[in-house]
Amino acid sequence: MEDNDRPAFARAMVGVGEIYGKKISQQQAELYWQALKSYPIEEIEAGMHRHIADPDGGQFMPKPADIIRQIGGSGDTAAMLAWSKVEKATRVIGSYQSVVFDDWRIHAVIRDMGGWVTLCGMNTDDLPFRAREFEKRYRGYRTESAYPPKLIGRSEAHNQAEGYTKFIEPPMLIGNPERAKLVHDKGEESAGVLQIGQMPALRSIGKESKS
């Protein structure tokens, strides 16, 4: 969601509160906003509606986790679906094209696994191991963290290195286009780069340095 979605989000929260006889405080609404802001407002509203209609969980006021579950299924299911999307993209699109998925967690996980080009280089024997690693890492991202806006392919990496920035093509959007654009816009360039620095000299506490 973006800031201009706040009025619609507030109306949705008030509506849910009225159904369950709860008055939503500003502080409570803000906590929900922070937990759900990585999702488009349309999906949040749909998730709320599905929760309300759920014969089991729908009898209770939905927590953010309930809404997220209605949007993307259980943690295990969501991780498997995400991997299926990624694995297909590695085969169909390949390592040369930069890509943007419609799920920020995919960006964070692929960065942690070495990047898009590295992942595309896996062979058939690697698939079961990479799938398990991906799904485990994916489930570990429960709240939004910094992630790269796009996953850079070979062509863009080469053109960047050679200074041919005008030849860099826009990344390919994978999944829901609007949500992929939102993922791109909220990403951070620095989140895709491994920061390497030198540790400053340390002083021991309680001991005087020898001159």
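Some bookkeeping comes first. Residues are numbered from 1 along each chain as its sequence is written, and since the model is predicted, local features need pLDDT of at least 70, side-chain atom pairs count only at pLDDT 80 or more, and totals for chains, interfaces and linings use all residues. Side-chain values rest on heavy atoms, with hydrogens and water left out.

On confidence, the protein chain averages a pLDDT (the predictor's confidence in each residue, from 0 to 100) of 87, and 89% of the residues score at least 70. Strand β1 (residues 99-101) has the highest mean, 97, while helix α4 (residues 64-72) has the lowest, 86. Residues 194-211 stay under 50, and the model has one contact beyond four places in sequence for them; contact here means heavy atoms within 4.5 Å. Where pLDDT is low, the predicted coordinates should not be read in detail.

The protein chain holds ten helices and two strands, taken as DSSP runs numbered from the N terminus (helices are H or I, at least four residues; strands are E, at least two). Read from the N terminus, the order is α-α-α-α-α-β-α-α-α-α-β-α. Among contacts between residues at least 6 apart in sequence, 77% join residues at least 24 apart. Of the 211 residues, 37% are buried (under 20% relative accessible area, with exposed over 50% and partly exposed in between; 1.4 Å probe, protein chains only).

Beyond its neighbours within four places in sequence, Trp-116 is in contact with residues including Val-86, Phe-101, Ile-110 and Leu-151.

About 730 Å³ of space lies in the largest pocket. On a 1 Å grid over the protein atoms alone, a pocket is an open set of points where a 1.4 Å probe fits, with protein on both sides within 12 Å along at least five of seven lines, and lining residues have an atom within 4 Å of a point. Its lining counts 30 residues, and Tyr-39, Ile-68, Ala-78, Arg-105 and Tyr-138 lie nearest the centre. At least two lining residues come from each of α2 (26-36), α4, α5 (75-92), α6 (104-112) and α8 (127-140).

Leaving out neighbours within four places in sequence, Gln-70 contacts Gly-47, Arg-50, His-51 and Asp-54; the C-alpha atoms of Gln-70 and Asp-54 are separated by 9.4 Å. Met-172, in strand β2 (residues 172-174), is partly exposed at 37% relative accessibility. Met-172 and Val-99 are 73 residues apart in sequence, yet 4.6 Å apart C-alpha to C-alpha.

Key. Grid points are joined across faces, edges and corners, and a volume is the space filled by probe spheres set on the points.
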